[in-house]
Amino acid sequence: MPETCPPIDEDKEDASCVPAPAQRQALFISHANPEDNEFTIWLGSHLSGAGYEVWADVLKVRGGEDWARKLEHTLRERACKVLLVGTPRGVEKQGVRNEIQIASEVAQKINDKEFIIPLRLQHYDSPFQIVQAQYIDFLNGWSQGLAELLETLAEYELPRLQLFHDESIQNWRAAQLVKAHVVQPKPEKLVSNWLRIIEWPNSIKYFEFRVGVSEDRVKAIVNSCKWPVYPIARGFWTCAEKSDFHTDQGESFPILPQTELDFSHFLENGRRDCSINPQEARNIISHLTKCALENKFRDCNLSPYDYANGVLGWWIQSKLIPGDKVTFKWKERASGRRQLVGETTSGQTSIKWHFGVSCKPWISPESHIRILPRILFTKDGLHAIEDAKRMHRLRRSVPKSWRNERWRDMLLAFLFWLSKGEDHVFLKTGSSSGIKIEVPPITMISPVSVIHDKSEEPEKIEIDDPVFEGNFDEFAEEDYEEGNESQPDEEEPSIQRQKKD
C-alpha cells in the first residue's frame, strides 16, 4: 500500500508529498476467454479466499469502468506474479500472447526470471518467452494443482493481505454469481441411468456334479456353460433347466439336481441349510443377472473391452448399426437421434470413436441395472487401440466438451437399438426363463427446477465428429497409472434432464 505522507513543514517552501510507488501484491491470471473462464473463476475465488489479491478479465462483470485499461495497469504496475492458464487453445489466442509479451517485459524490468508461472491444464506448446518456465501441473486434478500452487506461492513469500481484501472478494463473488441460476418451485423431470428390473425367473436351482468328476473337469464344464451360472462348492446355482446343459459334443452335463427354490423366496431369505444368507443370495442373483446381460451384449455382436481398473465394457463396432446412427422414440417419454460411432481428427490423423457401456446390477432395495456410458477408440473401426495409456489419453481428451445432454441421448439411442424399440429388454437365463428390464431408464421428478437465462447461453452447435485439440500420440506418464485408471471424463452423471419431444 502507498506510504503515508509525512507532515508538511510550512517553513520549507519546496515542501511536497510524493506517494511511494504501489507495492506489487497482485496475482494476475492470463487465460483464454471464454474457453477457460470456468477454471479461472474457480482458481481466482480460491486464491482470493486464501488472502491474495487476484485479477483476471473474468472480473469484467460490472459496467462503468475501463477494465482493459485497469487490467493492463495491474499487469504492468501491480502484479507480483502472472499465472498462465496453459491449454493449446489458450496460448494461441492473441489476447493471451499480448499478456505474455507484456509480462515478459515486466519480468526483465523487475529482474524476476520466475515472474510467469504456467499452469498446465492440458498438454500445449509453450510460447518461446516461457519455454524454460517450470509449470504447475493441473492435469491430475484441479485440487491437486491448487495445493501445489499454494505451496509455490508460499515459497516465493508473496504478499498476502492480513485482512480479506474487500474489493477482491467482492469482485470474485460477483464473477461467480453472474452465471448462477435461480431455483424455482416448479417440478422438473430427470432421466437416470437406472434400468428397472420388472420380472424375475420363477425359480432358482442348485446342481451338483456327480461323484468322480475331477475338479479340472468341473471348471472346464462350468466355463463352457451357455447359460448364467454361479459356481459354488462342487456345483452351481442357475435359473436354467437340467436339460439346458450340454457339452459342445451334445452330451449332457454330469450333474444332479439338488435344490429348486422359489426365486422371490431365495432373494429375500437365502437358504439356511446351504449356509446362504440373504446378502449372499443377492450376490448370487447379481452375478447371474450380470452374466445374462453380457450374453445379451454378445448376442448383439457388441465387442468386449477390459478397462485397466478391471471393469468390463461393451462397445459398438463400425457398421454394426446402419449409418452408425440411431433414431429413438419412446411414446410420450423420449425421442431424438444420435450418432454412436464417429471419427475425430488431429491434423492429418483420424481415429474412430465408439460408444459403449459397462453395467452393474443392484438387487436391493430397488432391483435395477446401472448403465455407465463409455467411449473407446480404434484406427479401423473394428479393433480397439491396444496401447492402454494412449486409449486413456484419448478418453480423457476427445469427449471433454461433450455436454450431459449428449451423453444422455447416446445412452437412450443405444438402449432403443438394444431393445429394438420395445419397452423392455429380455435377458435369457435359460431356454424357458429370463430377466426382464424396463427401458427407457427410470425417470424422477424433482420438486424444483432451475431457471436458465437463454440470452446468456451460447448457441449450441451439435457436432458428432469433434476436432481433437492436441496430438493423438502425445502422452504424459503422470496422466496414467496401470490398474488405477480414472473414470469418467466421458461418463455422464447418473441423472439428467428429460429430453423434450
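Are Tyr206 and Trp237 buried or exposed? Both of them are buried. I'll come back to that pair in a moment. One caveat before the rest: this is a predicted model.

Today's topic is aromatic contacts. Searching the whole structure gives 21 aromatic pairs.

Start with Phe39 and Phe138. Their ring centres are 5.2 Å apart and the planes stand at 85°, so this pair counts as edge-to-face, the cut-off for that class being over 60 degrees. Where do the two residues sit? Phe39 belongs to helix α1, residues 37-49, while Phe138 is in the loop between β5 (136-137) and α4 (142-155), so the contact ties together parts that are 99 residues apart in sequence. Phe39 and Phe138 are both buried.

Now back to Tyr206 and Trp237. Here the centres lie 5.3 Å apart with the planes at 50°, so the pair is classed as tilted. Tyr206 is in strand β9, residues 203-209, and Trp237 is in strand β11, residues 235-238, so this pair ties together parts 31 residues apart in sequence.

Next, the cluster. Which residues does it contain? Phe207, Phe209, Phe236, Phe245 and Phe253 are linked into a cluster by ring pairs.

Last, the charges over rings. Lys360 has its charged end over the ring of Trp362, at 5.7 Å from the ring's centre. Arg374 lies over the face of Tyr307, and there the distance to the ring centre is 4.3 Å.

Note on methods: Residues numbered from 1 in each chain as written. Predicted model: local features only at pLDDT ≥ 70, side-chain atom pairs only at ≥ 80, totals over all residues. Heavy atoms only, no water. Phe/Tyr/Trp six-rings, centres within 6.5 Å; stacked < 30°, edge-to-face > 60°. Helix = DSSP H or I, 4+ residues; strand = E, 2+ residues; numbered from the N terminus. Buried < 20%, exposed > 50% of the residue type's maximum accessible area, 1.4 Å probe, protein only. Lys NZ or Arg CZ within 6 Å of the ring centre and 35° of its normal.
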